[in-house]
Each structure stands twice: as structure tokens, then as C-alpha cells.
Amino acid sequence: LPTLDKVGTTRVQAINGTLLYYARAVDPTMLPALNEISSQQARPTSLTVAKCIQLLDYAATYPDAVIRYHACGMILHIDTDAAYLVLPKARSRIAGHYFLSDMPPPPPAKPNPRPNGPIHTECRTLRHVVSSAAEAECGGLFHNSQSAVPIRDTLIAMGHPQPPTPVHCDSSTAVGISNNTVKRQQS
């Protein structure tokens with residue numbers, strides 16, 4: 001597809017920048033779409049414009065997004081995930097949901113039924129091409145854990161001591177590699 005002219009390119013960049021601010025502040029469900037549009041905003045095509053229009057329609061359909069917070073123990077928690085090979089050029093996407101809550105209860109107790117809204121949400125494209133879903137998940141764990149350091153430091157400076165940060169990942173392979181509980185083999 002042919003790329004847009006300078007006016008069209010500037011319009012796509014303006015839409016992306018405006019909605020990125022809104023998504024980070026209020027509605028993080030828009031971040032995956034914005035991530036995809038931002039990867040194309042340097043050379044947008046008519047397909048990029050169609051994605052922008054769809055995102056604007058979503059924003060117009062759901063104008064009253066709300067993030068709800070509850071009183072809690074101010075302990076940072078992270079939910080991390082990755083999507084393997086979902087973007088052009090064999091790229092994968094990682095995401096992180098950072099929220100404050102009480103310490104998780106020991107098993108078999110149920111986790112907090114009223115989770116807080118996010119204090120930060122990451123949605124990024126991995127720079128490197130990874131060779132497996134587990135490698136993408138490990139990349140997500142690493143990136144989200146690195147991004148948590150300044151948040152932890154801020155919470156500590158505000159007088160909220162932080163235990164080791166609970167990080168939830170749905171890939172048992174990535175968790176096993178991170179905790180050194182699986183034996184890695186080379187083929």
C-alpha cells in the first residue's frame with residue numbers, strides 16, 4: 001500500500017499521541033491498538049488510517065472509562081504477559097499490569113476479590129525476534145520487573161516498605177526458568 005502524504009502522516013501521529021495520553025491516564029485497554037498504530041506512524045498507509053478510525057470509534061462509543069481504587073496495603077503487584085509473533089516482522093508484544101494491593105494470602109486461600117485499578121500499564125513491542133513463546137514471556141518478565149524498580153523506590157520513599165514484588169505470569173515454563181526450577185536443555 002502507498003504511504004500517506006505529510007498531512008495524513010501528521011494526522012495519524014496526532015491521533016496516536018492524543019489517545020496515548022488518554023489511554024495511559026484512564027483507559028489502558030486502548031494500549032495494544034495504540035502500540036500497533038505507533039509502530040506504523042512513521043510510514044502510515046490507508047490501513048493505518050482505518051485502524052485510527054476504529055480506535056476513535058471505540059473512544060466515542062465508550063467515553064466514560066473509569067479506574068476504581070480501593071484502600072489497600074500499598075504493596076506493588078505485577079501481572080505480566082506476552083503474545084508471541086503477533087506483529088509484523090516476527091515481533092512479539094509484552095504487557096504489564098502494575099497495581100497496588102495487600103500481600104497475597106498463602107494458598108489455598110483466594111486472592112483479593114476486589115483488585116485495584118492499574119497505577120501503570122505497559123504495552124510494548126519486543127525489539128528482538130524471539131524463538132519461542134516462553135522466550136517472549138521471559139522477556140516480558142524481565143522488562144516488567146525492570147520497570148517496577150522506580151515504582152518500588154517511589155513507594156518506599158513515600159513510607160510504604162515493599163517486600164519482594166509478587167509477579168504473576170501465566171507461563172509455567174517462563175516461571176520455571178525465572179525461578180531456576182526447570183532444567184534447561186540444548187538440542
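User: In this predicted model, is Met74 buried, partly exposed or exposed?
Analyst: Buried would need under 20% relative accessible area, and exposed over 50%. Met74 comes in at 22%, so by those cut-offs Met74 is partly exposed.

User: Where does Met74 sit, and what is its phi?
Analyst: Look in the loop between helix 3 (46–61) and strand 1 (75–87). Met74 is not a glycine, yet its phi is positive. The value is about 60°.

User: On helix 1, how wide an arc do the buried residues cover?
Analyst: The buried residues here are Gly8, Thr9, Val12, Ile15, Asn16, Leu19 and Ala23. They all lie on the same side of helix 1, because the arc they cover around the axis is only 125°.

User: Which residues are exposed on the other side of helix 1?
Analyst: The buried side of helix 1 has a cover that includes helix 2 and helix 3. Turn to the other side and the exposed ones are Lys6, Val7, Thr18 and Tyr21.

User: Which residues have the most contacts inside the largest nonpolar core?
Analyst: That core has 13 residues.

Notes. Residues are numbered from 1 along each chain as its sequence is written. This is a predicted model: local features need pLDDT of at least 70, side-chain atom pairs count only at pLDDT 80 or more; totals for chains, interfaces and linings use all residues. Side-chain values use heavy atoms; hydrogens and water are left out. Helices (H or I, at least four residues) and strands (E, at least two) are DSSP runs, numbered from the N terminus. Buried means under 20% relative accessible area, exposed over 50%, partly exposed in between (1.4 Å probe, protein chains only). A nonpolar core is a set of buried Ala, Val, Leu, Ile, Met, Phe, Trp, Tyr and Cys residues joined through side-chain atoms within 4.5 Å. The arc is that of the directions from the helix axis to the C-beta atoms. Contact means heavy atoms within 4.5 Å.
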